[in-house]
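My notes follow in the order I took them.

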Amino acid sequence: MTHPLLFPAPLPSGRADTAPQPRPEYPRPQLVRDGWVNLNGLWEFEIDAGDSGLERGLLGRELTDRILVPFAPESAASGVEHTDFMEAVWYRTRFTVPAGWQGKHGVLHFGAVDHDTTVWVDGVEAMRHRGGFTPIRVPLGVVEPGQELEIVVRARDTRHEPKAGGKQATWYGNTDCYYTRTTGIWQTVWVEAVDELHLRRFTVVPDADAARFDCTLIPSRNAAGATATVTLSADGVVVASETAQLGSTMSPSVRLEVPTDQRQLWSPADPFLYTLDIEIRDGAGDVTDRVSSYAGLRSVAIDGTAVLINGEHVFQRLVLDQGYWPSSLMTAPDDDALVADITLGMDAGFNGARLHQKVFEERYLYHADRLGYLVWGEFGDWGVSGAGTVGHNQGPTASFITQWVEALERDVNHPSIIGWCPLNETHQTLHDRVTVLDDVTRGMFLATKLIDPSRPVIDASGYAHRVRETDVWDAHSYEQDPAAFAVEQGGIADGEPFTNLEDGRTISLPYEGQPFFVSEFGGIWWNAELVAADTGGDSWGYGARVASVEEFHERFAGLVRVLTDDENMFGYCYTQLTDTFQEQNGIYDFDRNPKFDLARVRAVLAADAAYERRVRPAAS
């Protein structure tokens, strides 16, 4: 299905540069309007090393440098490529309101800004936001055609306070699993025009068994006599249409029943997407908003130790995807790069990915939706520990929950997401008191279940499982010997799965029969150029290095077969899709070139077909 209105935007008014606009595509594919302007391009920019810019007057004067938004200043793509710590950075641009926006309300959007953001419009503070992974929405009030607005952004990114940063290096250089930092704007900036009465957001929950969608609407305000009509279509044919009154509740809902002859499930084999159109009318019957979206009819359920998709056993052949690129870091260089990473995973034989330690750009999820690629959504918290600050570890903050809720609200409607993973590799020790980490872990888990009861949730991937009712249990293991790996993972049949105890330093609550998978394994190092030069360089992978491509294929096959031969596993996640800086254990190198014989890799991954034949039929 080709989703309507995913067109490039016009260039921002007043742009002086003639280079092609970076990332021109519509940034929010699940709530599309046709009145918008993309602000990506050259902005004024200045590094504020001491975070004294407000006192020094940066708000009121021209900034000294230029940067290509939406690329972070650490990246080569930005034109700045400053990789040292930056306590704060400043941005400035001007936006001219287009013709046709008469009487409209402007809304300024930032896809993501890292980390603590203040936005001024015409010198007036308009918004503050904490968190580097989630969107910022700035109401501009009524705007007039030809009006020029000055937008100034300060992004603080101190290294002296705990914050969720994912895999960003907490010391100067890239080391181990830590990579070049991202500061400031790193996703698309754009402005849209809306009426005062408009749709803020909505949720759509599929019920595959009943063949229906439950849609909850969040309008900008209650309005007596106002209505919202939601229309579901399949290949241009209207399937269902229902109208809700907007004046009687803050979150009106409609139920869209799909006729039997129009029922088409979303699955990896057939990722069918229905079109959703939502029209809002005020009490006088005038249209005040139209948005276009889409939805997939599919279910995710737990049956004993199995995770079912549409009632069927689908073995999850996942690959760890960290979403970094050499020249543009956490921002994809272009939209094709997002599609390419999904295609690379599928070409290697994987049917999905664990989106690791960042909240991916929403357009990645759109492409996963339309291509049928299974993904687990995750937060960027790595390094969080109940022990406070030990080495790279840090205590979590309440903003972890706030940011995660924002991520859930943004992404809950994507059918490709089949599970949530709020935290990764947290540690609690035997002698810890109840810590803030316990509170945050449970808070993030409960928030996920409240916002989205339709998908399974892992409380924290690997190491310390601390929420007793966690839906899924997992472990991480980088054992490189297949025989030892088989012994290590052999206890699941007896209800004693492998856990990351680290000699008792990390503790978990007891396993209670949840579905289990090894959500990180492999990580086999290979760099042909370094092997040929007989040097290890500064690159690394897990465990003893293989000496040849043939040895890689033998080890890879042995490790994978341990998991696919075990009918108690519902899947696995191999580390990783691509090399990431010095961590060179990908199926592809950092430039996305294959390092191995993909036909042999696919053949090993395809062996899980035996799993579907072994397992008992799904419960009817």
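**Largest pocket.** I started with the lining of the largest pocket in this predicted model and counted 36 residues. Nearest its centre I found Arg 28, His 109, Pro 135, Glu 362 and Arg 410. I used a 1 Å grid over the protein atoms alone: a pocket is an open set of points with protein on both sides within 12 Å along at least five of seven lines, a cavity is a set where a 1.4 Å probe fits but cannot get out, and lining residues have an atom within 4 Å of a point. I noted a pocket volume of about 830 Å³. Volume here is the space filled by probe spheres set on the points, with grid points joined across faces, edges and corners.

I sorted the pocket lining into 13 nonpolar, nine polar and 14 charged residues. Ala, Val, Leu, Ile, Met, Phe, Trp, Tyr, Cys and Pro count as nonpolar, Asp, Glu, Lys and Arg as charged, and the others, Gly among them, as polar. The largest share comes from β13, with four residues. Elements supplying at least two residues include β5 (105–110), α2 (362–371) and α3. Helices (H or I, at least four residues) and strands (E, at least two) are DSSP runs, numbered from the N terminus.

**Ground rules.** I number residues from 1 along each chain as its sequence is written. As the model is predicted, local features need pLDDT of at least 70 and side-chain atom pairs count only at pLDDT 80 or more, while totals for chains, interfaces and linings use all residues; side-chain values use heavy atoms, with hydrogens and water left out.

**Cavities.** I found three cavities of 30 Å³ or more.

**Open sheet.** I traced seven strands in the order β26-β25-β24-β23-β31-β30-β29, with parallel pairing. Two strands pair if DSSP finds at least two bridges between them. β26 and β29 (473–476) stand at the edges with a single partner strand each, so one side of each has no neighbour in the sheet. The twist averages 25° from one strand to the next. Axes are lines fitted to C-alpha atoms, for helices over the stretch in contact, and angles run from 0 to 180 degrees between N-to-C directions. Four bridges join β30 to β31. Phe 516 stands opposite Met 569 in β31.

**Hairpin.** I saw β20 and β21 form a hairpin with two residues between them. These strands pair in the antiparallel sense over four bridges. Gly 304, in the turn, has a positive phi of about 65°.

Most residues other than glycine have a negative phi, and most peptide bonds are trans. I flagged a cis bond from Val 69 to Pro 70, with omega near 20°. Another cis bond runs from Asp 114 to His 115, with omega near 20°. Asp 51 has a positive phi, near 55°.

**Confidence.** I noted an average pLDDT of 92 for the chain, with 92% of the residues at 70 or above. pLDDT is the predictor's confidence in each residue, from 0 to 100. The value stays under 50 over residues 1–16 and over residues 387–392.

Note on methods:
Contact means heavy atoms within 4.5 Å.
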